[in-house]
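Hi,

Here is the structure I promised to pass on. My notes follow below it.

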Amino acid sequence: MLERRFWNEEIETLPRDRLRALQLERLKKQLTYEYENSPYYKERFDNAGLHPSQLKELEDIRELPLFTKDEHRKVQEASLERYGHPYGLHLCAPLEKVIAVNATSGTTGVPTFYTFTHHDIQVNNECHARGLWRIGIRPGDTVAHAMALSMFLGGTPVIEAFQAFGARILPIGAEAGTERLLQFVELCKPKMLMCTPSYAEYLITKAPSIIKKKVGELGIQILYIGGEPGGGIPEVRRRLEQAYQAKVYDDMGGCWGFWMVSCNAHEGMHVVSEDLNYIEVIDPATEKALDIEDGVIGEVAFTALDWEAGPILRYNMGDITQILTETCACGVSGIRMKVLGMADDMLIVKGINVYPAAVKNLVTTFIPRATGEIRILLDKPGPRVDPPLKMKVEYGSGLTQNEIEELKKEMESTMHGMLRFRPEIEMVLPESLGRSYHKTKLTVKLYEQK
């Protein structure tokens, strides 16, 4: 008997028309809940002249304003002043029902909070279960967690979800340090390692000196990577697969019923939870929603369809994303995404939009002559940059000085031809730019250091 392909076969294989009907049903219920339980959301509906009962189709929510990161911070400040808690005016559940809190530091350094009720934790667990099943993890498998644990969405919520799924989780966390992590992996022999791609690359270089083994001798079969670009970059993925002798899968999500993972075809990440989260693509210039069609590029806005604590409504996270709607080569239909960069990270060089993630992607095509690590140096706040854009790029080991100089010229020429700007590159020693177990910052704000 063949094993089922999906964790939740009924939901994950719904025809498109039935999925949209389910989304609309859940959206009406969700927005009514928000209208009745959050004065903040009620005001937003009233100002737009739209009552949840008036929804006829999913696209009707385009009448409502977008919710942004700046708005998120404002409603947190307001709730702290008004109610004595920092969880935002969009909190719909009674405070006593909020049993889990996570946060990210955000670009300003002010924490952005994410809240969960018991119901929300179950929704989050369901999303992770779908992703784990698709990449080949089964209840009873041992998995090692090496993402940051402290407060981050990739920390304790992931551990909770893996346990609920039935996996044997090793909650090591990247904070434990590389020596401790490798020790646990060597002893417990996990089937899967979850970490950032840059940390996975760092372990390649450190394992031989710490445990006298290459990472490919650890028996890891699956690398589950996220938190930064990497899994979607062919050169990075090939390097990791060869070093670990493992399959590499990319993932993204973490809250409000949204999760996506890559497949063996690596043609974008499959959204595995469309029944729990409605997705829109936003034109960055007009802030208007675009039609979902194959190849469309824009910022992605999320709307929770089954969330109690602090549900989001048209939350634009600022991810510049390409949407793919054609059936994947793996045979699975539904929306897939390729994250191209962050709108907040965008730089403008002589009128050209430059995304640091796109620059890194291009540099990785030069592996092994380059390590793939870069840092973009900013002398003053962006997005406008006085040309040339200054960069540091690590060259690969074993190169002569002439080869390093030739590599530098080739990179500058390629960036000019493909990304339409010509940088000023400083070639630096391998591993001199450092590695991180959390999201690697590709830009260095020199003006703040001064």
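**Helix over sheet**

Helix α11 (residues 401–418) lies across β18, β20 and β21, and runs at about 145° to β21. Here contact means heavy atoms within 4.5 Å, while axes are lines fitted to C-alpha atoms, for helices over the stretch in contact, with angles from 0 to 180 degrees between N-to-C directions. Helices (H or I, at least four residues) and strands (E, at least two) are DSSP runs numbered from the N terminus.

Please keep in mind that this is a predicted model, where local features need pLDDT of at least 70 and side-chain atom pairs count only at pLDDT 80 or more, whereas totals for chains, interfaces and linings use all residues. Residues are numbered from 1 along each chain as its sequence is written, and side-chain values use heavy atoms, leaving out hydrogens and water.

Now the sheet itself: four strands form an open sheet in the order β21-β20-β18-β22, with mixed pairing (two strands pair if DSSP finds at least two bridges between them). β21 (424–428) and β22 (443–445) are at the edges with a single partner strand each, so one side of each has no neighbour in the sheet. On average, neighbouring strands of this sheet are turned by 25° against each other, direction ignored. Strands β18 (residues 370–378) and β20 (residues 390–395) pair in the antiparallel sense over five bridges, and arginine 375 stands opposite lysine 392 in β20.

Helix α11 also meets helix α10 (residues 356–364): their axes come within 11 Å and cross at roughly 130°. The contact is made by Val359, Leu362 and Val363 of α10 and by Met411, Thr414, Met415 and Met418 of α11.

Happy viewing!
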